[in-house]
Amino acid sequence: MTETPLSMAPLLALFAGIFATYLVGRIRHKRASEATGVVAIASLLVALGATWSLWTAPLPTEYAIGGSGVGIQVTALGIFLSVVACLLGLAVAVYATAGTDDEGATELYYPLLLAAVAGVVGIGFAADLFSLYVFFEVMAVATYALVPFAVERSTAVEAGFKYVVMNAVGSLLAIFGISLVYAETGGTLAYGPVADALSGTTGVATAAVLFLVVGFGVKAAIVPLHTWVPDAYAESPAGASALLAGLATPAAAVAMIKALSVFPGAIPVGLVLVVFGAITMTVGNFLALGQRDLKRLLAYSSIPHVGYVIFGFGIGFHGGFSVAVDGALFHVLANAFMKGGAFLAVGAIGYRLASADVANPRHLDDLAGIGYRMPIAAGAIAVAVLALAGVPPLAGFWGKLLIVVGAAEVSGWVGVALALLVIGNSFLSLGYYLPVLRSLFAAPDDAVGSVARTPTLLAIPVLGLTAGTILLGIVPSVGFDLVGPATDVLLSGVMP
Amino acid sequence: MTALAYAVAVALLLVGLAAVLSGANAVKTLIGVELASKGVLVNFVATDPAGSQGIVILLILIDAIVVAVLLGLVVAVYRQHDTLDLDALGRLTW
Amino acid sequence: MTTLTAAALVATVGLAVVAVAARDFLVSILSLSGASVGLAVYFYLAGAPIAAVFEAVVAAGLVTVLFLMMISLTDAETATLIEGRKLPVVGLALGALLGVSLVVWGWLGGLSTGGGSEIELAEALWAERSVDLLAVTVLLFVGVLGIVRLTAERFDATDEPITGDRGPTDADGASGNTEGDT
């Protein structure tokens with residue numbers, strides 16, 4: 001393991017961005033929003049560039065400030081998370097430059113966005129269980145302030161309160177689980193030593209697994225801990241909801257997996273994940289059926305997608321089928337593009353319709369026909385929705401395919417049943433995705449018919465994410481190259 | 001000695017969770033979160049008192065920050081509804 | 001020493017139960033504060049002196065003050081109670097803090113080999129968790145930003161922004177910035 005200061009670069013770039021965007025945002029100037037946005041974009045680009053050069057360096061690398069103690073550890077998994085986080089963060093930052101999200105509080109919005117991204121990057125680079133928790137909290141607290149960002153709206157504040165209380169409880173259950181691991185190992189939390197110390201099954205270790213699953217599961221929106229999702233996603237500003245759905249929720253699932261990877265095979269971690277994943281994807285799909293509010297529909301539909309990811313991880317851990325883990329990680333990447341693009345596009349539509357005489361700019365009936373007036377935003381939603389349903393050759397297809405293949409590798413009829421479960425769920429999701437398409441391109445009424453086009457600054461990130469969805473679908477090998485080494489890291493133990 | 005400490009840790013966790021789940025008012029919820037977090041601290045100190053201090057100190061700080069944000073949120077909720085009673089605010093309970 | 005440690009633990013749990021069961025906000029908050037002090041005493045007696053100081057200062061001190069501030073902002077009844085009994089309440093809090101600090105310094109002075117050991121210990125702690133410390137510093141900043149946002153004043157009835165820096169926003173809260181159309 002080589003020790004290079006470059007390892008800290010992505011995190012430091014993002015940390016610097018957090019402070020810099022606050023300072024620049026405080027400047028009272030007409031173009032403050034754009035300037036702050038530029039600073040945020042610059043910080044994200046530096047982080048992305050540093051991640052790229054770490055990717056080309058011999059992995060894994062590590063770094064500790066002061067040369068000793070627990071620092072950070074750069075593995076392929078960390079690179080993967082960093083890439084996903086920075087790319088989606090870039091899209092959201094560009095979107096935020098238009099100033100439609102931040103309710104005038106520019107100097108507070110950008111730092112919070114960057115902090116959420118930094119938290120996810122830190123989750124990837126964390127060198128031991130406690131660091132994992134610390135960066136998880138950085139991401140979480142940033143979202144605590146982002147969800148109720150529109151403080152004047154009572155529904156936003158209510159959604160925020162419910163979100164924060166549930167997630168704070170989840171976080172504390174997770175750290176309680178970590179403290180149980182600490183008690184079992186007698187005082188260490190580094191991945192390698194923990195894995196060695198936990199070589200037998202004990203009651204405490206099993207309890208720790210349960211605490212970790214439930215604790216991280218709240219933020220990962222596992223059923224039945226998902227009840228905060230619809231309100232929180234729907235009430236947060238467009239960029240924040242894109243970050244929540246495309247980054248924070250899947251990152252919580254990855255954090256869970258990273259924490260669970262230290263437990264010995266004797267504890268049926270994989271089985272627990274398969275069961276929870278199956279329940280989550282099925283219940284989630286049923287919950288989304290019949291939703292007529294577009295943003296809430298997308299929110300509900302995020303639940304089954306995390307279900308696929310958890311299911312894939314479970315299959316991978318249960319039988320050592322790395323293809324399922326490949327699929328799950330690929331789906332995390334794809335989901336960032338699909339969900340991110342969808343939420344940003346919904347935000348753009350909502351922004352335009354807010355100034356028109358429309359009763360509820362997010363209701364499928366009220367926004368009927370918007371596709372003819374805002375082709376970019378509606379087209380993005382159409383692509384995203386098809387991709388989310390798993391239609392080839394779009395991004396959402398490949399992740400699910402690999403997960404299905406992995407499930408089928410489980411021996412006997414169980415494997416076939418599991419594979420069919422995933423396929424069935426994909427078809428089920430068409431039940432609520434297709435009405436969206438129909439509504440977008442139905443006949444518009446007067447109010448919708450006179451709406452202006454998608455604003456440029458909002459259209460650019462939407463187009464970028466849509467292009468990514470299409471490209472990932474046509475040329476998935478790019479994604480596979482990124483995901484493959486990360487899978488190896490996960491399955492062979494997070495410490496080399 | 002350590003057995004008592006671990007028992008206390010679990011007790012604090014349960015007391016805190018009970019406060020949160022009872023959902024009576026916002027203050028009780030926050031106090032519950034704080035108490036359960038203290039249970040976690042006891043777990044760490046009981047295992048390795050001197051060595052866990054780095055972790056414990058950072059956890060104390062993190063808990064304080066989280067509860068401060070929660071308090072800010074309660075203030076925001078209060079400004080909207082003029083009450084801290086969670087039963088009156090039907091949508092906020094599970 | 002062991003009986004004292006056990007007593008501290010039991011006292012902590014006892015006060016925790018009181019904090020949860022009490023109907024009065026003030027009793028709850030002060031019991032929480034007491035539980036924090038009990039915990040700090042336990043930390044010290046168990047051999048985690050620096051953690052004890054942090055728990056006393058942050059949990060028993062700062063968090064209690066934050067709770068009391070929040071209560072005085074939201075519950076007028078309790079606020080008047082605090083007003084009326086402010087002197088005793090503050091005195092109690094300070095006294096607890098002072099008591100714990102005295103115990104800590106006294107025993108530390110008796111046990112340590114010199115004034116340098118605490119600093120060495122602190123340096124060791126810092127070096128061991130440097131990245132996490134940096135992350136928590138950022139977390140502190142993020143938390144403060146969040147609180148600033150959450151406690152921002154609402155618009156009053158005359159629709160005048162009280163803290164709005166960029167002028168009034170429309171009913172949906174979207175601030176209209178000009179941007180080019182596609």
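Q: Helices are DSSP runs of H or I with at least four residues, numbered from the N terminus. What order of elements does this give for chain C?
A: This is a predicted model. From the N terminus on, chain C runs α-α-α-α-α-α-α. The tally for chain C is seven helices and zero strands.

Q: How many of the residues of chain C count as buried?
A: A residue needs 20 or more other C-beta atoms within 10 Å of its own to be buried. Of the 182 residues of chain C, 38% count as buried.

Q: What share of the contacts in chain C joins residues at least 24 apart?
A: The share is 52%, taken among contacts between residues at least 6 apart in sequence.

Q: What pattern does chain B follow along the sequence?
A: Chain B reads α-α-α. It has three helices and zero strands.

Q: How do burial and contacts look in chain B?
A: Buried residues make up 66% of its 94 residues. Among contacts in chain B between residues at least 6 apart in sequence, 51% join residues at least 24 apart.

Q: How many residues of chain C are in contact with chain B?
A: Two residues are in contact if their C-beta atoms lie within 7 Å. By that test, 47 residues of chain C are in contact with 42 residues of chain B. On the chain C side, α1 (2-21), α2 (25-46), α3 (49-74), α6 (116-128) and α7 (130-150) each supply at least two residues. The largest share comes from α3(C), with 13 residues.

Q: Which classes of residue make up the side of chain C that touches chain B?
A: That side divides into 32 nonpolar, nine polar and six charged residues.

Q: What makes Pro49(B) a buried residue?
A: The cut-off is 20 or more other C-beta atoms within 10 Å. Pro49(B) has 21 C-beta neighbours inside 10 Å, so it counts as buried. Pro49(B) is found in the loop between α2 (26-47) and α3 (53-81) of chain B.

Q: Which residues is Pro49(B) in contact with, leaving aside its neighbours within four places in sequence?
A: They are Ala46(C), Gly47(C) and Ala48(C).

Q: How do you know that Gly406(A) is buried?
A: Count the neighbours. Gly406(A) has 29 C-beta neighbours inside 10 Å. The cut-off is 20 or more. Gly406(A) therefore counts as buried. This residue lies in helix α16 (residues 395-409) of chain A.

Q: What is Gly406(A) in contact with, leaving aside its neighbours within four places in sequence?
A: Its contacts are Gly312(A), Ile315(A), Gly316(A), Phe321(A), Val323(A), Ala324(A) and Gly327(A). As for Ala252(A), its C-alpha atom is separated from that of Gly406(A) by 22 Å, and the two residues are 154 apart along the chain.

Q: Why are α2(A) and α3(A) called roughly antiparallel?
A: Look at the angle. The axes of α2 (residues 32-56) and α3 (residues 76-96) of chain A cross at roughly 160 degrees and come within 9 Å. Angles over 145 count as roughly antiparallel. The two helices are therefore roughly antiparallel to each other. Their crossing is left-handed.

Q: Which residues of α2(A) and α3(A) meet?
A: From α2(A), the residues include Gly37(A), Ala40(A), Leu44(A) and Trp55(A). From α3(A), they include Ile79(A), Ser82(A), Cys86(A) and Gly89(A). By class, this contact has 14 nonpolar, four polar and no charged residues.

Q: What makes α3(A) roughly antiparallel to α19(A)?
A: The same cut-off of 145 degrees applies. The axes of α3(A) and α19 (residues 456-474) of chain A come within 7 Å and cross at roughly 165 degrees. That makes α3(A) roughly antiparallel to α19(A). This crossing is left-handed.

Q: Which residues of α3(A) and α19(A) meet?
A: Ala91(A), Val94(A) and Tyr95(A) in α3(A) meet Leu457(A), Leu458(A), Ile460(A), Pro461(A), Gly464(A) and Leu465(A) in α19(A). By class there are eight nonpolar, one polar and no charged residues.

Q: Why is α4(A) called largely enclosed?
A: Because 20 of its 20 residues are buried, α4(A) is largely enclosed by the rest of the structure. This helix covers residues 106-125. Its span from first C-alpha to last is 29 Å, close to the 28 Å expected at 1.5 Å a residue.

Q: How does the span of α5(A) compare with what is expected?
A: Helix α5 (residues 129-146) of chain A has 18 residues. It reaches 26 Å from its first C-alpha to its last, close to the 26 Å expected. α5(A) is mostly covered, with 18 of its 18 residues buried.

Note on methods
Residues numbered from 1 in each chain as written. Chains lettered and ligands numbered in written order. Predicted model: local features only at pLDDT ≥ 70, side-chain atom pairs only at ≥ 80, totals over all residues. Buried ≥ 20, exposed ≤ 12 C-beta atoms within 10 Å, placed from the backbone. Nonpolar A, V, L, I, M, F, W, Y, C, P; charged D, E, K, R; others polar. Axes fitted to C-alpha atoms, helices over the stretch in contact; angles between N-to-C directions. Parallel < 35°, antiparallel > 145°, perpendicular 65-115°, else oblique. Left-handed = near helix turned anticlockwise from the far one by under 90°. Expected span 1.5 Å × (residues − 1).
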